[in-house]
Amino acid sequence: MKIKIESKESGKAIAHALFFVKKSIQFSSVLSEKATEQAETVLNGMEEGPFEDLEFLELDGVPTFFVNAAKERGLTSLDHLRMAAYRLAKRAKKKQISCVSLMLADAAPEQLKSIIHGLYYAEYEFDRYKTKKQKSFSVVYEIVVQDQAKEFSKIANDVAIEQASISMARDWINTPGSDLTPSVFVSEAEKIAKETGLKIKVRDIKALQKEGYNGLVTVGKGSQSLPYMVTLEYKPAKASKDLHLALVGKGLTFDTGGISLKPASTMWEMCCDMSGAAAVLGAIRTIALLKLPIHVSAVLCLAENRIGSKAVLPGDIFTAKNGKTVMVDNTDAEGRLALSDGLAEAGLLKATHIIDLATLTGAMVRALGYAVTGFFSNDEKLASKILEAGQTCCEKFWPMPLEEEYADGLKGKFADLQNIGSDAGAISAALFLKEFVPENTSWSHWDIAGTAFVTKPWKYTSHGATGIGVQTLVELARQLGE
Ligand code: BES
Ligand code: ZN
Ligand code: ZN
């Protein structure tokens with residue numbers, strides 16, 4: 001695929017694309033007066049009711065895609081524009097149309113951004129393991145604007161960078177557990193560091209043990225693929241000295257549940273249990289390549305949760321990095337143990353703001369499903385920024401309470417804490433994390449267990465990883481850096 005921003009039509013386009021909502025054409029039209037009349041007749045002749053996409057029609061001799069961008073269900077109009085662009089791209093590929101012209105002169109920048117995102121989503125394919133790869137047809141999209149060519153080209157470039165990060169994150173997540181182990185993930189992070197010039201620090205199990213990062217050690221010691229912590233730093237000269245954003249990601253490259261073994265039927269999906277780390281790595285890559293003026297660190301907590309003779313036993317007690325003792329009453333509640341070290345690390349880095357992303361609880365999947373990410377925060381200002389950033393990026397968030405009443409359930413019998421509470425699973429997990437959040441730090445926890453991985457096609461995502469979180473993190477970094 002190629003996207004060209006032009007200030008006038010090159011004449012190379014084989015087809016035009018026409019976005020419509022209900023019966024009206026959106027954006028200033030690429031069509032001749034005659035074709036516009038024809039299009040209006042077609043749209044007026046449409047039956048009321050669900051607006052299906054119209055097929056490919058000839059208008060005044062020019063092949064034209066009719067793309068329905070009408071709003072339905074709970075999505076925003078920006079999200080519908082993405083979906084419309086996604087459908088357009090899928091159809092253009094299928095019909096092997098080599099160049100499609102979109103006239104977007106009167107589009108708002110965020111509309112253009114949405115359309116370009118939609119075009120990119122149609123490109124994503126995870127076919128590494130297929131012997132017969134579908135030959136993908138490459139389409140050139142000529143986006144015709146007027147005097148905004150410079151501004152719109154910048155948007156197109158930025159989206160290209162961001163979408164590349166999203167695709168990388170989705171690839172890492174979709175890769176089976178035996179192929180993306182903690183050490184393989186470390187080399188992926190090293191590649192990103194090299195590409196972007198980010199500073200990187202890798203701790204192996206020896207370093208983790210020596211420095212007392214016992215959460216990660218406890219979770220990861222039962223596997224042949226041992227745990228790692230990766231810390232990346234982006235510190236541009238123009239960044240404010242008073243703000244340091246740390247992004248912490250749960251990176252369980254596979255979660256069998258450990259000795260508290262998971263049921264077999266859906267266990268395979270647990271290759272997605274490193275989606276938090278993938279999003280964080282994708283986000284810091286984007287932030288660095290876009291040169292956003294903000295100091296950002298990323299901490300990836302990488303481990304594999306396995307059964308085996310070296311695996312942690314239910315009832316085992318360890319001392320966390322911040323000195324608190326924890327009894328592991330359920331080895332399947334491992335994410336919070338791994339994150340306790342990530343949060344401690346963010347504190348040592350003197351982060352002023354911490355955001356952790358984790359596929360943390362099945363309870364969150366049951367509460368909010370696959371379309372909405374539940375998030376917690378100890379800072380209302382940060383929470384409202386997250387909601388706003390999410391909206392801009394077509395990623396839905398819903399605030400959850402850090403309900404102190406349930407904190408008692410985490411008190412340990414023999415240790416300070418135990419790793420599962422007695423009430424409200426997603427809230428208990430967040431309250432557990434709160435025990436490890438450094439003092440005087442703005443913090444938010446995003447439980448992406450439901451939204452990171454879908455088992456059926458959804459919006460512009462085929463089955464599998466969605467890449468959730470990357471866009472909202474980047475947008476948040478953009479806003480915090482202003
Ligand atoms: N990785 C799982 C959570 C999960 C569930 C992610 C579904 C994606 C989809 C997590 O480590 C886990 O197993 N949590 C347990 C916690 C329980 C033992 C307190 C859960 O939610 O069942
Ligand atoms: Zn688990
Ligand atoms: Zn897990």
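Predicted model: local features only at pLDDT ≥ 70, side-chain atom pairs only at ≥ 80, totals over all residues.
Residues are numbered from 1 along each chain as its sequence is written, chains are lettered from A and ligands numbered from 1 in the order in which they are written, and side-chain values use heavy atoms, with hydrogens and water left out.

## The zinc site

So who holds the metal? The zinc ion (ligand 3) is coordinated by K250 through NZ, D255 and D273 through OD, and E334 through OE, at 2.0 to 2.4 Å. Donors here are N, O and S atoms within 2.8 Å of the metal (3.2 Å for Na, K and Ca), and since water is not among the atoms, sites may look incomplete. Along the sequence, the donor residues of this zinc ion follow the spacing K-x4-D-x17-D-x60-E.

The site of the zinc ion (ligand 3) has six donor atoms with angles of 76 to 173° among them, and it comes out as octahedral. For the geometry labels, four donors count as tetrahedral if all angles lie between 85 and 135 degrees; four count as square planar and six as octahedral if opposite donors are over 155 degrees apart and all others between 65 and 115; anything else is irregular. D255 is in strand β10 (residues 244–255) and E334 in the loop between β13 (325–327) and α9, so the pair ties together parts that are 79 residues apart in sequence. Helices (H or I, at least four residues) and strands (E, at least two) are DSSP runs, numbered from the N terminus.

## Helix α9

Twelve of the 14 residues of α9 are buried, so the helix is largely enclosed by the rest of the structure. Among those buried residues are G335, L339, D341 and E345. After α9 comes K350, with a positive phi near 60°.

## Salt bridges

The count comes to 20 salt bridges, each being a side-chain nitrogen of Lys or Arg within 4 Å of a carboxyl oxygen of Asp or Glu. One of them joins E345 and R203 (3.1 Å, N to O). E345 lies in helix α9 (residues 335–348) and R203 in strand β8 (residues 199–203), so this pair ties together parts 142 residues apart in sequence. Both partners are buried, and R203, E211 and E345 are linked in a network of salt bridges.

K459 and D79 form another, with their closest N and O atoms 2.6 Å apart. K459 is in the loop between β19 (453–454) and β20 (464–465), D79 in helix α2 (residues 77–94), and they are 380 residues apart. K459 is buried at 19% relative accessible area, and D79 is buried at 2%.

## Nonpolar cores

The largest nonpolar core has 98 residues, and F19, L102 and W446 have the most contacts inside it. Apart from that core lies another of 43 residues, including V217, M229, L339 and L402. A nonpolar core is a set of buried Ala, Val, Leu, Ile, Met, Phe, Trp, Tyr and Cys residues joined through side-chain atoms within 4.5 Å.

Technical notes. Buried < 20%, exposed > 50% of the residue type's maximum accessible area, 1.4 Å probe, protein only.
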